[in-house]
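Subject: Structure handover

Dear colleague,

Here is the structure you asked to have passed on. My notes on it follow below.

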Amino acid sequence: MTEIRFDNRVAIVTGAGNGLGRTYAIELARRGAKVVVNDLGGSSTGVGESATAADAVVDEIRSAGGEAVASHDSVATRDGGAAIVQKAIDAFGQVDILISNAGFLRNSRFEDLTDQQIDPILDVHLKAAFYVGQPAYKAMRSRNYGRMLFTGSASAMFGHAWQANYAAGKGGLMGLSHVVALEGSAYGIQSNLLLPTAVSRLADEMDMGYMEIPAFAASLQRCEFEVVGPRTVPEFNTPLALYLVSEDCKASHGIYSSNGGRYARVRICAGEGWHTPRGNTPATVEDVAANFAQIESPAGFTEPHTVYDEIFDVTEGGRKAGVFD
Ligand code: NAD
């Protein structure tokens, strides 16, 4: 297998001063990319600023012979996003890759979440994808090539107590990435969503108060952290992240999990379901109740890639079920 390289590619990695982003930036540079190392340098709850985090990673890349520049702008403002992309264009003339990764946590019970725990979380995870993503997309579109990787979370796809704010932001990125993938397919731009898992400084924000929720406590207790522990360092996520932003990768519109050394596609699917046989008269609530097991059934799952794919499946399925004349 030939080595996957990023020569002549310009990559922006946001939140690259620590944790996952740091490993992406270093490995991209080691494989030939010119990298904008963006980081605001705040705490794991998004408090404060410092140039040190981004600068240290740039130093590390340069001392290994790579090319990188630092950006200390916040991804969470429109101006910050524009400045990050402009940095790439000023320093390296183009943008080929965006790994949108910056973020922090402000966990709390759903009913207690304040605007100070909701707005900054939506800004840094969801709105940042517009602030950095839009100017990056324009730069990519002008050259008919681009790879975008947004950082989602298993918390949004599968659920995590006390993270309704975070899950809302991360969940929104799924829709955003799907639409960027669709629109970008006309211009050589691919977009995917990565669900990483790593013990980073964000782990400090975890709270055992979750144990008050029996279903969540049971789920936590049966998972064997000690088995996967050594495979939860950030570096285990780097290979999949880099492959997804490489020229070799032709996959777009996907959701990928990287967790404890297992790399897997996560799919949003619709079951075969139940088609009302009442012709053009709507089903009753009682019809739904009576057929709920079939509505819930995973049988015949398909994965629509547009809303019209789903309508196609509905028509085909309804025909098979004999509900259309
Ligand atoms: P981390 O705290 O080590 O790194 C995140 C970086 O983002 C920090 O260096 C921070 O300074 C930077 N940042 C925060 N706000 C910023 C802003 N406004 N502008 C620019 N930079 C900013 O955390 P990590 O675990 O490496 O997380 C990276 C991404 O992965 C985050 O989006 C996180 O939500 C996501 N994620 C992490 C895990 C995990 O298990 N660690 C799981 C799912 C998703």
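Please keep in mind throughout that the model is predicted.

Helix α3 (residues 78–92) packs against helix α5 (residues 133–141) at about 30 degrees, and their axes lie 8 Å apart. The pair α3 and α5 is therefore roughly parallel. On the α3 side the contact involves Gly-81, Ala-82, Val-85 and Ile-89, and on the α5 side Pro-135, Ala-136 and Ala-139. Six of these residues are nonpolar and one is polar, with no charged residues.

A second pair is α1 with helix α2 (residues 52–63), where the angle is about 25 degrees and the axes are 10 Å apart. That makes these two roughly parallel as well. The crossing of α1 past α2 is right-handed. Arg-22, Ala-25, Ile-26 and Ala-29 of α1 meet Val-57, Glu-60 and Ile-61 of α2. This contact has five nonpolar and two charged residues, and no polar ones.

Helix α1 (residues 19–30) also gives the most to the shell around the ligand, with three residues. In total, 31 residues surround the ligand, and the closest are Gly-15, Gly-19, Ala-102, Gly-103 and Ser-200. By class, the shell consists of 18 polar, 11 nonpolar and two charged residues.

As for the overall layout, the domain assignment divides the chain into domain 1 (10–266) and domain 2 (269–325). The centres of domain 1 and domain 2, taken over C-alpha atoms, are 36 Å apart.

Regards

Note on methods:
Residues are numbered from 1 along each chain as its sequence is written. This is a predicted model: local features need pLDDT of at least 70, side-chain atom pairs count only at pLDDT 80 or more; totals for chains, interfaces and linings use all residues. Domain bounds come from an automatic or database domain assignment. A residue is near a molecule or strand if its C-beta atom, placed from the backbone, lies within 6 Å of it. Helices (H or I, at least four residues) and strands (E, at least two) are DSSP runs, numbered from the N terminus. Ala, Val, Leu, Ile, Met, Phe, Trp, Tyr, Cys and Pro count as nonpolar, Asp, Glu, Lys and Arg as charged, and the others, Gly among them, as polar. Axes are lines fitted to C-alpha atoms, for helices over the stretch in contact, and angles run from 0 to 180 degrees between N-to-C directions. Angles under 35 degrees count as roughly parallel, over 145 as roughly antiparallel, 65 to 115 as roughly perpendicular and the rest as oblique. Two residues are in contact if their C-beta atoms, placed from the backbone, lie within 7 Å. A crossing is left-handed if the near helix is turned anticlockwise from the far one by less than a right angle, and right-handed if clockwise.
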